[in-house]
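Here are my notes on this model, point by point. Please read them with the structure open.

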Amino acid sequence: MSFALARFAFFSLAATSLARAQSELQSYFGPSNSRAGTSLEGVGDLNGDGYADLLVGRPGSDGGRGQLVCVSGRYLGGQGGSILLWTWSPGAANASADAGFGHALTSIDDLDGDGLREIVVGAPFDDAGGSNAGAVFFLRGSASAPTLLRKINGEVAGDRFGWALDGANDLNLDGKDDVAVGAPLHDTVSANVGVVYKVSGGAALTGAAWKIGEVNGLFPGEQLGSSVLAGVNLSGDSFGEIVAGAPFAAFLNESSRGAVRVYDGTDLSIEGSYYGTIGDLWGWALAGLSDFNGDGFADVLIGAPGSDLGGVDAGRAVLLSGREMFGQNSLYEEIAEWTGTRPASAFGQAVAWTRDVSGDGLPDLLVGAPGYEPLLFGANNGAVYVFSGASLERVGFLQGEADESLGDSLSNAGQLGLDADIDGDGVRDFFAAGSSCDSVATNGGVVKGISLYPSSPVTYCTGKTNSLGCIPGVTRSGAPSLSSASPFTVSAVNIVNQKQGLLFYGFAPESASFQGGTLCVASPTTRTPVQSSGGSSSGADCTGTFAFDFNARIQSGIDPALSLGAEVYCQYWSRDPQSPSTTSLTNALRFLVQP
């Protein structure tokens, strides 16, 4: 495999200079064996309460027949209210037992003119077209509960039709958006070669023939259609291309390298095939529809959770130039690559992009690692990473709790062009799931609302009582920012008057005994300039104060580590001559550098 590295950035997550963090807002846990969060789809504010809501697939509900629920964005943002807006079940009349309705999920532009997007749901184990032939359901969007427009059955037993879905542009020129549907175990051509169908959205209303076209995989066992991405502008035409993953494709007799294949959106002619390395499972997950390298064409984010580059099955994710992928040759431009750092973390099992949550002017990239375990094997935490679309550096990280396996599904609300500020702080948020979460109910699944930036800095730790009986404390005003002209002032009060002191900071918290008090910031730390506490000009009292404009330091560029998304911990130290240790310590402040 050769690469044209016109612009190439490689990032090992272990080499990221700073710890970054996201903030969990609220979690929804599914009932036992429901596998809630297997699929997610943001559809905007359905109930008019000002918060973006989320569709959640529960393919294990109803004995495996499956269900679709709408989870309140207001609830996931920690704003209270009802958890579920509605629940929809296909029932025995429309789906066979163990159909897995909700395994895949997408939405398309309004078909019936009522102003709401329609919902498309995959049930890849449905038996109506033959055992495990699969099915796709078109549902009329609704603020209360959807209604069934049409069910389309798979054509061949065992196909798993509806395993993967993505909404496309109007490919058959009937004025209605269409859908790309993957059936990865299709074997009419050869065993488990897989197939991707173009399915007419308009046919969901009229009952007309649903199949616009189809394309089969190239080699036995490659399972084309395990992931699909539709309507991607790789060529500049008005239709967009279809990109499909075949994660078990072999190349040069090396198994499970995986392939990503690009097809013309109109005639489905193949435009290129791009392979991973041995064992990669390249193409397990796909995301796209935004231009990250500035060439005017959408780029494609590819998940390869089987990659061993960062350790056995640590996984990797690669951002490729969509324009180069349409070049019909084996050369392509790799914009960036990131690898997992823990064995078996499956980094790249889910990928997505969301509208700009980091404030740097470009959409941001999300990568899930559901097998991530920070210290001990068996904890099953999982994790979600956020990468800046502008710098391509990691700007966020959220580790799941024990047994959550967080990160096997990520929201694609950004792909719909929807704002999703669910906590009301003016910054866009996003969603992530762990569908096999066992922490509350066995295989119940968990869905989380996540904010990249907390709404305000928070204090933590405890100050040391000084020789005069006062407890020094840290306060703040303003907000930490890369661009704001207003100061972000970190202050200390109850300081012994007319003494020297300084603010020091680092990028991790601490709670360790130190000179009779508590050291609240982990090493290594950086000191700011020495200040005088002022206060009363004579005698000894606690009228002294310190103040430091942290925005001035952030914006000066003197410390490159104070970049967008940096998580900062800071504490004041000062002289206290009457104390046995001659020093005084405040409590501490934690904040994230915001746009």
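1. Start with one ring pair. Tyrosine 385 and phenylalanine 387 are both buried. Their ring centres are 6.4 Å apart and the planes meet at 10°, so the pair counts as stacked. Keep in mind throughout that this is a predicted model.

2. Tyr385 and Phe387 belong to one aromatic cluster, together with Trp338, Phe347, Tyr372 and Phe397. Across the structure, the count comes to 21 aromatic pairs.

3. A second ring pair has another geometry. Phenylalanine 550 and phenylalanine 591 are edge-to-face, with 5.1 Å from centre to centre and 75° between the planes. Both of these phenylalanines are buried. Phenylalanine 550 sits in helix H5 (residues 550-556) and phenylalanine 591 in strand E40 (residues 583-592), so the pair ties together parts that lie 41 residues apart in sequence.

4. Strands E23, E24, E25 and E26 form an open sheet in the order E23-E24-E25-E26, with antiparallel pairing. Strand E23 (350-354) and strand E26 (394-399) are the edge strands; each has a single partner strand, so one side of each lacks a neighbour in the sheet. From one strand to the next, the twist averages 20°.

5. Inside that sheet, look at E24 and E25. Strand E24 (residues 364-369) pairs with strand E25 (residues 383-387) over five bridges, in the antiparallel sense. Leucine 365 has phenylalanine 387 as its bridge partner in E25. Phenylalanine 387 is also the residue stacked with tyrosine 385.

6. Is strand E28 enclosed or open to the outside? Six of the six residues in E28 (residues 429-434) are buried, so the strand is largely enclosed by the rest of the structure. Side chains in a regular strand alternate between the two faces of the sheet. In E28, Asp429, Phe431 and Ala433 point one way, while Phe430, Ala432 and Gly434 point the other way. Residues on both sides are buried.

7. What are the pairings of E28? Strand E27 (residues 409-410) is joined to E28 by two bridges, and the two run antiparallel. Strand E29 (residues 446-451) is joined to E28 by six bridges, again antiparallel. Alanine 433 takes part in both pairings: serine 409 has alanine 433 as its bridge partner in E28, and alanine 433 has valine 447 as its bridge partner in E29.

8. Turn to charges. The whole structure holds 11 salt bridges. One of them joins aspartate 280 to arginine 316, with the closest N and O atoms 2.4 Å apart. This pair links distant parts of the chain: aspartate 280 is in the loop between strand E18 (270-275) and strand E19 (285-290), arginine 316 is in strand E21 (residues 316-320), and they are 36 residues apart. Aspartate 280 has a relative accessible area of 0% and is buried. Arginine 316, at 6%, counts as buried because the cut-off is under 20%.

9. Arginine 316 has a further salt bridge. Its side chain meets that of glutamate 337 at 2.8 Å, N to O. Glutamate 337 lies in strand E22 (residues 334-339) and arginine 316 in strand E21, 21 residues apart. Glutamate 337 is buried, as is arginine 316.

10. Arginine 257 and glutamate 254 form it, and their closest N and O atoms are 2.9 Å apart. Arginine 257 counts as buried at 6% relative accessibility, whereas glutamate 254 is partly exposed at 29%. Elsewhere, Glu155, Lys211 and Glu214 are linked in a network of salt bridges.

11. Last, the surface. Which residues form a nonpolar patch? Leu218, Phe219 and Ile270 do, with about 260 Å² of accessible area together. Phenylalanine 219 is found in the loop between strand E14 (211-216) and strand E15 (227-232). With a relative accessible area of 41%, phenylalanine 219 is partly exposed.

Notes:
Residues are numbered from 1 along each chain as its sequence is written. This is a predicted model: local features need pLDDT of at least 70, side-chain atom pairs count only at pLDDT 80 or more; totals for chains, interfaces and linings use all residues. Side-chain values use heavy atoms; hydrogens and water are left out. Buried means under 20% relative accessible area, exposed over 50%, partly exposed in between (1.4 Å probe, protein chains only). Helices (H or I, at least four residues) and strands (E, at least two) are DSSP runs, numbered from the N terminus. Two strands pair if DSSP finds at least two bridges between them. Axes are lines fitted to C-alpha atoms, for helices over the stretch in contact, and angles run from 0 to 180 degrees between N-to-C directions. Patches are made of residues with over 30% relative accessible area and no salt bridge: like charges are joined within 9 Å, nonpolar side chains (Val, Leu, Ile, Met, Phe, Trp, Tyr) within 5 Å. Accessible areas come from the Shrake-Rupley method with a 1.4 Å probe; for residues, only the protein chains shown count as cover. A salt bridge is a side-chain nitrogen of Lys or Arg within 4 Å of a carboxyl oxygen of Asp or Glu. Rings of Phe, Tyr and Trp (its six-membered ring) pair if their centres lie within 6.5 Å; planes under 30 degrees apart count as stacked, over 60 as edge-to-face and the rest as tilted.
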